[in-house]
Amino acid sequence: MKAGIIGAGNVGQTLARLILAAGNEVVMCNSREPETLSSAIETLGKGASAATLAEVSEQDIVILAVWWDTVPKVMEQVGDWSSRILIDATNQLTFTSGSTRPIPVKLDGMTGSEYVSSLAKNARVVKAFNSLFGQFMDGEVNGGNRVLFYAGDDNNAKKTLHPLFTAMGFYPVDLGGLKEGGKLMQVGGALNGKHFIKRTEDMCL
Ligand SMILES: NC(=O)c1ccc[n+]([C@@H]2O[C@H](COP(=O)([O-])OP(=O)(O)OC[C@H]3O[C@@H](n4cnc5c(N)ncnc54)[C@H](OP(=O)(O)O)[C@@H]3O)[C@@H](O)[C@H]2O)c1
């Protein structure tokens, strides 16, 4: 399997490492020419490549790992997702002038991933990874596996992703749809920034 990753920063590169370690390939893009990622691709090693947004978004499974304010532009450029799976790793945070920390964006009752889904024409959106801080997107950890919450309205998409998440070292937990599950996972939600470990010994019970 070759996963597409839109955004090659902290989240994009961390997830690329885990996907590659699970025996897959990744193709990534940033906001610039693919050549600007040559050193990151070399560091990621075998199975990693850089391409344009158009090529990256053609993969059957694509991760969205850009800042919130960039999402509309990316979705406009991609156009129709033709039922491909889009993993939304974004958080609805924006920088206002003068602030050093990002602040949450209000969406009139919509959850962040419902909003992304409304822009991502015909994508099967699954929210995942956003609730973990970058340093805890570590899959297998000493003594067990990092719990990965995910949510989505398309059950087949979630069924497709579950084995990938497991192969990446995570202990995936389906929280339901984008409205209920997404609300728990997003900024301000009860499970945002919560880093649980499923201990290996528990699995033997
Ligand atoms: N960092 C965390 O701990 C963490 C954890 C969970 C979720 N998140 C969420 O994940 C998202 C990414 O965070 P990050 O920390 O990885 O950010 P980051 O390190 O700043 O990386 C952002 C990436 O997006 C790329 N990008 C910008 N505009 C683009 C475009 N039009 N097309 C394609 N790529 C574009 C940037 O490329 P250029 O270098 O060319 O600008 C960069 O590679 C955010 O929504 C954040 O809230 C972050």
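Guide: The largest pocket is lined by 39 residues, and those nearest its centre are Gly-7, Ala-65, Val-66, Trp-67 and Trp-68. A pocket is, on a 1 Å grid over the protein atoms alone, an open set of points where a 1.4 Å probe fits, with protein on both sides within 12 Å along at least five of seven lines; lining residues have an atom within 4 Å of a point.

Visitor: Which elements give two or more residues to that lining?

Guide: Those elements are α1 (10–21) and α4 (71–78). The largest share, three residues, comes from α4. Helices are DSSP runs (H or I, at least four residues), numbered from the N terminus.

Visitor: What sort of model is this?

Guide: This is a predicted model, in which local features need pLDDT of at least 70 and side-chain atom pairs count only at pLDDT 80 or more, while totals for chains, interfaces and linings use all residues. Residues are numbered from 1 along each chain as its sequence is written, and side-chain values use heavy atoms, with hydrogens and water left out.

Visitor: Turning to the ligand, how many residues surround it?

Guide: The ligand is surrounded by 23 residues, each with a heavy atom within 4 Å of it. The closest are Val-11, Ser-31, Arg-32, Val-66 and Gly-134.

Visitor: Which backbone atom lies 2.7 Å from a ligand oxygen?

Guide: A backbone N or O atom of Val-66 lies at that distance. For Gly-9, a polar backbone atom is 3.2 Å from an oxygen atom of the ligand.

Conventions: A polar contact is a pair of N or O atoms within 3.5 Å; within protein, one must be able to donate a hydrogen and the other to accept it, and residues adjacent in sequence count only if both atoms are side-chain atoms.
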